[in-house]
Amino acid sequence: MTRLLTVSDLAAGYGEVDIVSGISLHVDALEIVTIAGTNGSGKSTLVKALMGLLTRVRGEMRLGDTPLLGVPAEKRIGMGVVYVPQVENVFPTLTVTENLQVVEGVTDRRHRIEAMFDRFPALAERRRTRAGALSGGERQQLAFARALMPAPKLMILDEPTAALSPALVHEVLELIRGLPALGVSALLVEQRARQALAISDRGYILDTGRVVIHDTAERLLADERMADLYLGTH
Ligand SMILES: Nc1ncnc2c1ncn2[C@@H]1O[C@H](COP(=O)(O)OP(=O)(O)OP(=O)(O)O)[C@@H](O)[C@H]1O
């Protein structure tokens, strides 16, 4: 198994305060990993730290053998780490094709756009449609296609199913489940922990800024006491 992302003893926060600390985790090539936890446990803070969006970060973070700490967010994309924001992940006034054309850090753009249309045939059919006029499912596909344009190794998703209808939640989880087949690993932070773990290989549970449990997704879902404590009802 090839180790892709390695995080060791990471602490991160805002101003003078650490929100998460002592965080050690990893993502292997072609793995799907979920970070779950109660409200306010520090999930979003951890994602921001991983994407280079916080100034208060200490510890170790590597992509393969390359240190990530101190590398600006936009440079991490070029290194193969992309981030899918929860909302505002497409430009509604641009067409589908234009949304793919404006992604930065892409080499061989025409070939990549055709690869995205091969992967998402519904988008190919609507390539001249403005993103704002797409169905919810098509818009999510476009957000994924945009994230896949730079041919990333790792996709980080911050609560990808928040604010979606139940039908769309299923569609988005299926898109994530399909990432390893495209050569991409996924690290997702999720409130819907049970559903996210159901498509994951492994999971980490955060509580008040620390990893309290990590295990295979299968064992986390099977542990009733832990599931009652941390996985909620979704
Ligand atoms: N910009 C900020 N400045 C200062 N403190 C912040 C900031 N953003 C979040 N926090 C604090 O960090 C703590 C953890 O928040 P965070 O959003 O990381 O948790 P979370 O697990 O993602 O929560 P949720 O599931 O509700 O989104 C909270 O106490 C919050 O008040």
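Strand β4 (residues 56-63) pairs with β5 in the antiparallel sense, over two bridges. This is a predicted model, where local features need pLDDT of at least 70 and side-chain atom pairs count only at pLDDT 80 or more, while totals for chains, interfaces and linings use all residues. Residues are numbered from 1 along each chain as its sequence is written.

**The sheet**
- β4 and β5 belong to an open sheet of four strands, in the order β2-β1-β4-β5, with antiparallel pairing.
- Its edge strands, β2 (17-28) and β5 (66-67), each pair on one side only.
- Look for Arg62: its bridge partner in β5 is Pro67.
- Strands here are DSSP runs of E with at least two residues, and helices are runs of H or I with at least four, numbered from the N terminus; two strands count as paired if DSSP finds at least two bridges between them.

**Helix α1**
- Helix α1 (residues 43-50) lies across β1 (3-14), β2 and β4, at about 120° to β1.
- That angle, on a scale from 0 to 180 degrees, is between N-to-C directions of lines fitted to C-alpha atoms, for helices over the stretch in contact.

**Helix α7**
- With twelve residues, α7 (residues 166-177) reaches 17 Å from first C-alpha to last, close to the expected 16 Å (1.5 Å times one less than its number of residues).
- Val172, Leu173, Leu175 and Ile176 are buried (20 or more other C-beta atoms within 10 Å of the residue's own; exposed means 12 or fewer).
- Seen down the α7 axis, these buried residues fall within an arc of 155°, so they line one face of the helix.
- Pro166, Ala167 and Glu174, on the other side, are exposed.
- Elements covering the buried residues include β3 (32-37) and α6 (136-148), where contact means C-beta atoms, placed from the backbone, within 7 Å.

Technical notes
Contact = placed C-beta atoms within 7 Å. Arc of directions from axis to C-beta.
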